[in-house]
Amino acid sequence: MNASTRLQGADVLPPLTPRQTTTQGPPAESAETARRNGKRQPKRKRSARWMTFNDFVDHTMAQLTPRQVKVWLVLFRDTRSGSASVAQAWIAERTGLKRPTVSGTIAELEELGLVTTVYAGGLNRGLSRYRISGRITR
């Protein structure tokens, strides 16, 4: 049985009709077209989070050890609303470092001004909270 034999009777679909679309004004220019015509597109507001990340990559990362970079990146990833709430054991698990090494690395990053401990958590005290910076300040 070929395809035309199978599509008979109720199996045949009605022909497709183009969707009715409403347009409100002319279509927006692409960024490329606007650039060619000498028009500037409005700049997008850059997120402070990504400005911190760019500062870190552009100005700081080359000066740090690999373990310091790993710990900073995990803290950056966990940052929400300006601070990262995370246990040092979780940082150790994600970076492949030992927990005492993570603790020492966080202290080193604090000395450089890249991390500020907002709240020191612990057993029965909850998660620690850290605030991060993208540039060495000390």
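Mentor: A salt bridge here is a side-chain nitrogen of Lys or Arg within 4 Å of a carboxyl oxygen of Asp or Glu. The model is predicted, so local features need pLDDT of at least 70 and side-chain atom pairs count only at pLDDT 80 or more, while totals for chains, interfaces and linings use all residues. Residues are numbered from 1 along each chain as its sequence is written, and side-chain values use heavy atoms, with hydrogens and water left out.

Trainee: Which residue forms a salt bridge with Arg135?

Mentor: The closest N and O atoms of the pair are 3.5 Å apart, and the partner of Arg135 is Asp55. Arg135 lies in the segment after strand 4 (128–132) and its partner in helix 3 (residues 48–60), so the pair ties together parts 80 residues apart in sequence. The partner is Asp55.

Trainee: Is Asp78 buried or exposed?

Mentor: Asp78 forms a salt bridge with Arg77, the closest N and O atoms being 3.9 Å apart. Arg77, Asp78 and Arg94 are linked in a network of salt bridges. Buried means under 20% relative accessible area, exposed over 50%, and partly exposed in between (1.4 Å probe, protein chains only). At 17% relative accessibility, Asp78 is buried.

Conventions: Helices (H or I, at least four residues) and strands (E, at least two) are DSSP runs, numbered from the N terminus.
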